[in-house]
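Hello,

Here is the structure I promised to pass on. My notes follow below it.

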Amino acid sequence: MTPDFYRTAFNESTTRIAELADEDHEVVIPHIPRWTTSNVIIHVGLVFSFVDQSIRQGAPVGQQGVAGWANDPANQPDTSDLSPWFQSVADNLNDAIWMHQPDDQVWTSSQQMHTANFWMRRMTQEAAMHRWDIEAAHGETQPFNAELAVDGINEFYDFFIAERLPKAFSGDGSVHLHATDAEGEWMVTRKSDGITVEKTHGKGDVAARGSASDLLLFVWNRKLHTALETFGNTELLEEHQRLLQI
């Protein structure tokens with residue numbers, strides 16, 4: 001993915017969230033217990049603000065990371081006027097990230113990736129997923145761009161699972177995911193100490209086929225495996241969702 005591709009996708013998602021922020025703030029998110037649209041908008045905006053300030057100063061704001069900083073009442077926005085607040089923090093983050101070249105060294109939350117490209121991808125995926133969440137609350141969702149969805153699935157395994165949950169899906173069996181509308185296949189093999197993920201065709205104990213958008217929503221626990229075409233032991237897909245939750 002190029003910087004321009006990410007930036008365009010980021011702006012499309014943040015513009016959509018700002019539009020939805022002008023609507024009813026207390027619509028329940030159907031797939032996230034106890035969260036409303038305002039919770040999601042504030043969450044994303046505070047993540048944006050945290051990352052923006054952390055990039056600019058070269059170190060994370062506060063000592064407890066984004067969660068501790070975001071939970072401080074002093075950093076909470078005025079919930080009566082969410083749309084302009086959200087658009088402002090999105091614009092500031094846009095400037096902070098895309099003032100850099102992809103290979104520029106910046107502070108990141110990753111153990112392995114320390115360039116601006118990490119944030120180009122991470123914040124674009126963050127905005128896109130939560131755009132979908134808010135749309136789901138309002139009852140009308142737009143699917144993810146297929147290339148962006150494939151990139152999001154790659155990030156899910158390469159960053160979140162590899163760095164944060166490397167042993168969570170340990171065990172036996174294999175899962176094959178296959179995108180039907182883009183070049184994207186993932187062979188996930190369980191081992192005693194974690195998993196290996198190969199981005200290739202393979203024969204798993206269970207296979208799941210669907211659009212790249214639906215596969216991304218599956219790995220991020222937004223849709224069940226029943227939204228996909230499956231073959232084999234679907235209990236492995238249920239375990240995947242139960243154990244690999246970010």
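**Helix packing**

The crossing of α5 and α6 is left-handed (the near helix is turned anticlockwise from the far one by less than a right angle; clockwise would be right-handed). On the α5 side, the contact is made by F118, R121, R122, T124, Q125 and A128. On the α6 side, L148, D151, G152, N154, E155, F159 and F160 take part. Contact means heavy atoms within 4.5 Å. The two axes come within 10 Å and cross at roughly 115 degrees. Axes here are lines fitted to C-alpha atoms, for helices over the stretch in contact, with angles from 0 to 180 degrees between N-to-C directions. α5 and α6 are therefore roughly perpendicular to each other. The classes are: under 35 degrees roughly parallel, over 145 roughly antiparallel, 65 to 115 roughly perpendicular, the rest oblique.

Before going on, the ground rules. This is a predicted model, where local features need pLDDT of at least 70, side-chain atom pairs count only at pLDDT 80 or more, and totals for chains, interfaces and linings use all residues. Residues are numbered from 1 along each chain as its sequence is written, and side-chain values use heavy atoms, with hydrogens and water left out. Helices (H or I, at least four residues) and strands (E, at least two) are DSSP runs, numbered from the N terminus.

α5 also packs on helix α4 (residues 82-98), at an angle of about 150 degrees and with the axes 9 Å apart. α4 and α5 are therefore roughly antiparallel. From α4, L93, I97 and W98 meet A116, W119, M120, M123 and T124 of α5.

**Rings and charges**

How many aromatic pairs does a search of the whole structure find? It finds 13. The rings of F118 and W119 have centres 4.8 Å apart and planes at 75 degrees, so this pair is edge-to-face. The rule: rings of Phe, Tyr and Trp (its six-membered ring) pair if their centres lie within 6.5 Å; planes under 30 degrees apart are stacked, over 60 edge-to-face, the rest tilted. F118 counts as buried, at 5% relative accessibility. W119 is buried too, at 4%. Buried means under 20% relative accessible area, exposed over 50%, partly exposed in between (1.4 Å probe, protein chains only). Ring pairs join F50, W69, W107, F118, W119, F156, Y157, F159, F160 and W220 into a cluster.

Two arginines sit over rings. The charged end of R131 is over F144, 5.2 Å from the ring centre. That of R190 is over F169, 4.1 Å from the centre. The test is NZ of Lys or CZ of Arg within 6 Å of the ring centre and within 35 degrees of the ring normal.

**An enclosed helix**

Eight of the eight residues of helix α7 (residues 212-219) are buried, so the rest of the structure largely encloses α7. These buried residues pack against α5 (116-138), α6 (146-164), β1 (174-179), β2 (185-191), β4 (206-210) and α8 (235-243). N221 follows α7 and has a positive phi, near 60 degrees. Q241 lies in α8 and is buried at 7% relative accessibility. Not counting residues up to four places away in sequence, Q241 touches F218, N221, K223, L224 and H225.

**A loop residue**

V28 is in the loop between α1 (3-20) and α2 (37-57). Is V28 buried or exposed? At 54% relative accessibility, V28 counts as exposed. Leaving aside neighbours within four places in sequence, V28 is in contact with W35, T36 and A137. V28 and H138 are 110 residues apart in sequence and 8.6 Å apart in space, C-alpha to C-alpha.

Best wishes
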